[in-house]
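Hello,

Here is the structure I promised to pass on. Have a look at it first, and my notes follow below.

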Amino acid sequence: MDYKAYIADKIRLDGVTKQEIYESVALPPNSEMGDYALPCFKFSKILRKSPVVIAEELKGKFTLDDGVLSEVSAVNGYLNFKVNKSALTKSVLSAIFEQGGGYGSSDVGNGKTICIDYSSVNIAKPFHIGHLSTTVIGGALYRIYKFLGYNVVGINHLGDYGTQFGKLICAYKHWGNKEEVERGGIHAVNDLYVRFNSEADEQMENEAREYFRLIENGDKEANELFEWFKSLTLKYVGTIYDRLKITFDSYAGERFYTDKMQPVIDELNEKGLLKESDGAKIVDLEPYGMSPCLILRSDGASLYATRDLAAAIYRKNTYDFYKCLYVVAYQQNLHFKQVFKVLELMGKPWAKDLVHVAYGMVSLEDGAMSTRKGKVVWLEDVISRCVEKAKAIIEEKNPRLENKDETAEKVGVGAAIFGALYNNKIKDIVFSYDKVLSFEGETSVYVQYTCARANSVLEKAGEAGTAFENYEVNALEFEVIKALASFPDAVKEAAEKYEPSIVARFAVDLAQKYNKFYIECKILTAEGEAKPFRLMLTGATLQTLKNALGLLGIGVPDKM
RNA sequence: GCGCCAUUAGCUCAACUGGAUAGAGCGUUGGUCUACGGAACCAAAGGCUAGGGAUUCGAAUUCCUUAUGGCGCACCA
């Protein structure tokens, strides 16, 4: 039931469109005033009447006969509505039981493709805590858009191109050996790279450039080494992606575009956009208040932006996307503004469909992370410490639990994910173990715990609850019903704003409301229709919380 | 220097896009255990929404300005 539309439908005001009325409908600060409200102040100027009078007059347009609303009142220029509780209750509960895991989904995206560029691993570099945001924000958006019916293409734009791979090979040839790398995996490779950066002299720098050239020219040994490092990296991130429930449809990285840049450069040339400046080729963006976009270095080599231009064009040609999202830290705001503008100047009408989904930076309590100084928090360490803590708490509180490890995995990994998704993505994060390891309050653990309780009640009841006819829901129950009803909108809003935190906050909010109800109202020993109703409410809450956490990549254990 | 972003309770953050008394969690203080799971619940204290202007019926939200912090500003990605 779309109450906003219902209200807008009933009202006719000269000089005010239905859309404007629809958008004016707001939620009152507390539910004693009503469930919906229409502030009449902005109509006052158009109609040249006082808002109080307008509200009073509009009140007459509503009857309660159709059973949608239970009360309409005019208060100080606001028109307040209370919905018919039992009608809303029945429609919400039946929707949840009919749709189950699909409750909250939609088909608005049918026929549209969305590309999401996220996580983007750099070859030979382990994940640190800074990589968590792009990975889980991208992963959540991936699921949210799928849930809304879109065809989604997840792209891991591999960082597999650049002079650093020449350095890496050079370092390996000097200091590395096969056994060590096989034993130490990607961290051993990273150590070589770090060592190069601190110890390499002029001669090694030259060697590194030569190795990079060899990779580019298809030299067998150099490429075999590179492919080896690449496979080590993919194997390593694969285990992390599995734990975080992250998937990709394409691993086309920077190297993939090596042979796709020349046509872009030609096109820029033909369209007269390419200019020479200090020996380099640029697109001048001065008229748009931006520094120039570098296309070719003075030595003729391509750059980051060149490959991103080629990638955007390739994606448009290949997927014909409705939108293409780049989940990348705000550090690169200017870069994406430049690339999008260049595509617009090239006459690509779809340049407007490119979206930089920017998120905040992660730092440590004592400042920015630095791989070279060894000031890093590795992602796998964070995950395993979360899981260990979850396991320890289970051992303490529920030692007889059957599948402890599986449960600890869901709880621990969930906490790590949730920490990166709960706040507006633009917020900077100062990483601290104290925070991710906190399993109380507004956390995924709290939501999972609520689910475990709900599940336990249902199990003890041995039945799912049956239909009820005349049960009158109380205030606490109705708060839960309203929260349940708002889930589909929360999912849509999260998609519109590229903001998974809206779903995360929804989950906590619903869990809080359910817990308040749970503490106050007996379920199993309730009299009359209260028992079947409350069991249904419990089942519906459990299902909806599972759906919400599922969108974030967080599993819900039956017991914990 | 220029540009973008941020600034809300002691701390970490919300606030349905301009609506009614700005809400949560953590922390603090005090309560709730003969239970459907205490990883929970209730209550109290805590706010001139960084400062100052402007816009209007109405501003945490829009505009200007100042301050503080972050990020970026041509051959890295």
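Let me start with a pair of residues: A37 has N80 of β3 as its bridge partner. The strands behind that pair are β1 (residues 36-39) and β3, which run antiparallel and share four bridges. Two strands are called paired here if DSSP finds at least two bridges between them. Helices (H or I, at least four residues) and strands (E, at least two) are DSSP runs, numbered from the N terminus.

Before going further, a word on conventions: this is a predicted model, in which local features need pLDDT of at least 70 and side-chain atom pairs count only at pLDDT 80 or more, while totals for chains, interfaces and linings use all residues. Residues are numbered from 1 along each chain as its sequence is written, and chains are lettered from A and ligands numbered from 1 in the order in which they are written.

Back to β3 (residues 78-83), where five of the six residues are buried. Buried means that 20 or more other C-beta atoms lie within 10 Å of the residue's own, exposed means 12 or fewer, and partly exposed is in between, with C-beta atoms placed from the backbone. On β2 (residues 69-75), β3 has an antiparallel partner, joined by six bridges. V72 is bridged to F81 of β3, and V75 sits opposite Y78. Two residues lie between the strands in this hairpin, and N76 has a positive phi near 50° there.

The overall picture

Chain A has 560 residues, of which 40% count as buried. Its secondary structure amounts to 21 helices and twelve strands. Along the principal axes, the C-alpha atoms occupy a box of roughly 85 × 65 × 40 Å. Of the contacts between residues at least 6 apart in sequence, 75% link residues at least 24 apart; a contact needs C-beta atoms, placed from the backbone, within 7 Å. Chain A is split into domain 1 (3-83), domain 2 (163-230) and domain 3 (262-301), with bounds from an automatic or database domain assignment. The centres of domain 1 and domain 3, taken over C-alpha atoms, are 56 Å apart.

The parallel sheet

Which order do the strands of the open four-stranded sheet follow? The order is β5-β4-β9-β10, and the pairing is parallel. Because β5 (151-155) and β10 (354-359) are at the edges with a single partner strand each, one side of each has no neighbour in the sheet. From one strand to the next, the twist averages 20°. Within the sheet, β4 (residues 113-117) and β9 (residues 323-329) are joined in parallel by four bridges, with I116 opposite L325 of β9. Helix α6 (residues 132-147) lies across β4, β5, β9 and β10, at about 155° to β9. For such angles, axes are lines fitted to C-alpha atoms, for helices over the stretch in contact, and values run from 0 to 180 degrees between N-to-C directions.

A helix pair

Helices α8 (residues 178-199) and α10 (residues 220-244) have axes that come within 10 Å and cross at roughly 115°. On the α8 side the contact is made by G185, I186 and V189, and on the α10 side by F229, L232, T233 and Y236. By class, that contact has five nonpolar, two polar and no charged residues. In this scheme Ala, Val, Leu, Ile, Met, Phe, Trp, Tyr, Cys and Pro count as nonpolar, Asp, Glu, Lys and Arg as charged, and the others, Gly among them, as polar.

Leaving out neighbours within four places in sequence, A548 is in contact with F487, V503, F506 and A507. From A548 to E380 is 168 residues in sequence and 25 Å in space, C-alpha to C-alpha.

S298 belongs to the loop between β8 (293-296) and α12 (304-319). This residue counts as exposed, because it has 12 other C-beta atoms within 10 Å. Not counting residues up to four places away in sequence, S298 touches D278, G279 and A280. S298 and A280 are 18 residues apart along the chain, and their C-alpha atoms are separated by 4.1 Å.

Notes
Contact = placed C-beta atoms within 7 Å.
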